Structure formats: structure tokens, C-alpha cells
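Open the model in a viewer and keep the selection tool at hand. The stops below say what to select next and what is there.

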Amino acid sequence: MSMLNAALPAPEVGETVATYKKYEGAQRAVSKLIENKVPAAEIAIVGRSLRSIEKVTGTLGWARAARQGALNGIMIGLLFAAFSIIWLPELQMAVVGGILLIGIGFGMALRLLNYSIVRRRRDFASIMSITAERYEVAVSAAHVPESRRVLGTEKPRTVVARPPSDEPPKYGVRISDEPRGEKPDAEPPAAEPDQPRD
């Protein structure tokens, strides 16, 4: 996180209306909300329990550093060649090729210099990614009921049974779960033996 981002206040994200294990699920939920006329500016995806994963892709060496530098240099050379052609349209192709070669050499030199500095501390190549344990879709308070209805995540209402009486129970009196005035069903009568047939 840069110092610029740290200085900015965190944006208001609203109330969570759905939670997903994968980011793709949260994306689909956002698309569904937008289709149902929930304003896009009122929706946010919040990643919880972030973790960084660095996947090692191989070892670094002088040859690999030179190859990576050459690939970067091709891009630099193409960029400078494009600007040269725009500024000087009558430029010959040999000069454009020379600019491209200079870019490749410049990229290789920078990459080899970088590798010579960091090779004692880091002798492997890797790819860094940040993942979250879960992703929450949040919307502003005005759109929470509609969003819950669209996504099918409405909270069930809790029904509280009314106590049979307002007076508190007395010491020594057993409280039963059955409503007052009703007795538990009597046991069914035992089946009578079959009568002998004539």
C-alpha cells in the first residue's frame, strides 16, 4: 500500500447483502444487481482475510536475466521506433531496425545490472498474487432490501412465542413447554385382543 492510499479515507461500502467464496460469484451477483436497476455506484465488493501468495516459477541466472531483458528491450525499441516514424515519416527501415536493436541492448543491460545487484538475496523468479478468504457484496442502505430480494438472501424473520402469562414463575413450580390449559395427550388405549370368530 502506498503512502498516498494510506492518507485517503476508506470509502463507505454500505451493508453486506451476500457473501461468496470465489470472486467470480461476487462478480455475478454485482451483474445481477445492476441488471435489476441497483445503481452501480452504490455497490462494492469487499475481500475479507486477505493473503498474498508468491508462486516460484523457476531459478534466475545470467542467461534468463538476459533473455528477460531482451524481451523488455524489444518493447522499449518498438516504442522508440514508433515515435521516430511519427516524427520522421521519411525514416529508412534500417534506422528503425537499429533503434529496435538499441532498445534490446538497453533492456538487456538494465536487467543484467538489476540481477547483479539482487542475485545474492533473490535467485528465483516468482509471481505474486493477493487472494481473499471470502468476498462480500455490499450496497448502500437505501438499496439493501431490494438487493437482498434480487439475490435471494433475505433474512428470515424470527418469530418469538408469547409467554403464557406475564407473571414470573414461582419458586418450586415446574414450568412446562405446553401451553396452559392444555393437558398432554393421553396415551392411546391398548389394542383389544381379537374376538374369537364363531
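This is a predicted model: local features need pLDDT of at least 70, side-chain atom pairs count only at pLDDT 80 or more; totals for chains, interfaces and linings use all residues.

Select helices α2 (23–35) and α5 (residues 144–151). They pack at an angle of about 115 degrees, and their axes lie 10 Å apart. An axis here is a line fitted to C-alpha atoms, for helices over the stretch in contact, and angles run from 0 to 180 degrees between N-to-C directions. The contact is made by Ala-29, Lys-32 and Leu-33 on α2, and by Ser-147, Val-150 and Leu-151 on α5. Contact means heavy atoms within 4.5 Å.

Residues are numbered from 1 along each chain as its sequence is written, and side-chain values use heavy atoms, with hydrogens and water left out.

Stay on α5 and colour its buried residues: Val-144, Ser-147, Arg-148, Val-150 and Leu-151. Buried means under 20% relative accessible area, exposed means over 50%, and partly exposed is in between (1.4 Å probe, protein chains only). Why do these residues sit on the same side of α5? They cover an arc of only 165 degrees around the axis, which puts them on the same side of the helix. The arc is that of the directions from the helix axis to the C-beta atoms. An α-helix has 3.6 residues a turn, so residues three or four places apart point the same way. What covers the buried residues of α5 includes β1 (15–20), α2 (23–35) and β3 (124–139). After α5 comes Gly-152, with a positive phi near 70 degrees.

Now step back to the loop between β3 and α5 and select Ala-141. Buried or exposed? Ala-141 is exposed, with a relative accessible area of 64%.

Next, zoom out to the whole chain. The protein chain has 5 helices and 3 strands, in the order α-β-α-β-α-α-β-α along the sequence. Helices (H or I, at least four residues) and strands (E, at least two) are DSSP runs, numbered from the N terminus. Of its 198 residues, 21% count as buried. Among contacts between residues at least 6 apart in sequence, 83% join residues at least 24 apart. The accessible surface comes to about 16,500 Å², and 59% of that belongs to carbon and sulfur atoms. Such areas come from the Shrake-Rupley method with a 1.4 Å probe; for residues, only the protein chains shown count as cover.

Select residues 70–88 and 94–113, where an unreviewed UniProt entry places the feature "transmembrane region". UniProt positions are given in the numbering used here, feature names are shortened, and annotations may be inferred rather than shown by experiment. Residues 70–88 are 95% helix and 0% strand, with end C-alpha atoms 26 Å apart. Residues 94–113 are 100% helix and 0% strand, and there the end C-alpha atoms are 29 Å apart.

- Gly-105 lies in α4 and is partly exposed, at 37% relative accessible area. Gly-69 is 36 residues away in sequence and 8.2 Å away in space, C-alpha to C-alpha.
- Ala-109 is in α4 (residues 93–118) and is partly exposed, at 46%. Between Ala-109 and Gly-69 there are 7.2 Å in space, C-alpha to C-alpha, and they are 40 residues apart in sequence.
- Tyr-115 is also placed in α4 and is buried, at 7% relative accessible area. Leaving aside neighbours within four places in sequence, Tyr-115 is in contact with Leu-60, Gly-61, Trp-62 and Ala-65. Leu-60 is 55 residues from Tyr-115 in sequence and 8.4 Å from Tyr-115 in space, C-alpha to C-alpha.

The last stop is about backbone angles. Most residues other than glycine have a negative phi. Select Lys-37, which is not a glycine but has a positive phi of about 70 degrees. Lys-37 is in the loop between α2 and β2 (43–59) and counts as exposed at 71% relative accessibility. Then select Ser-49 in strand β2, where phi is near 55 degrees, again a positive value in a residue other than glycine. Ser-49 counts as partly exposed, at 42% relative accessibility.
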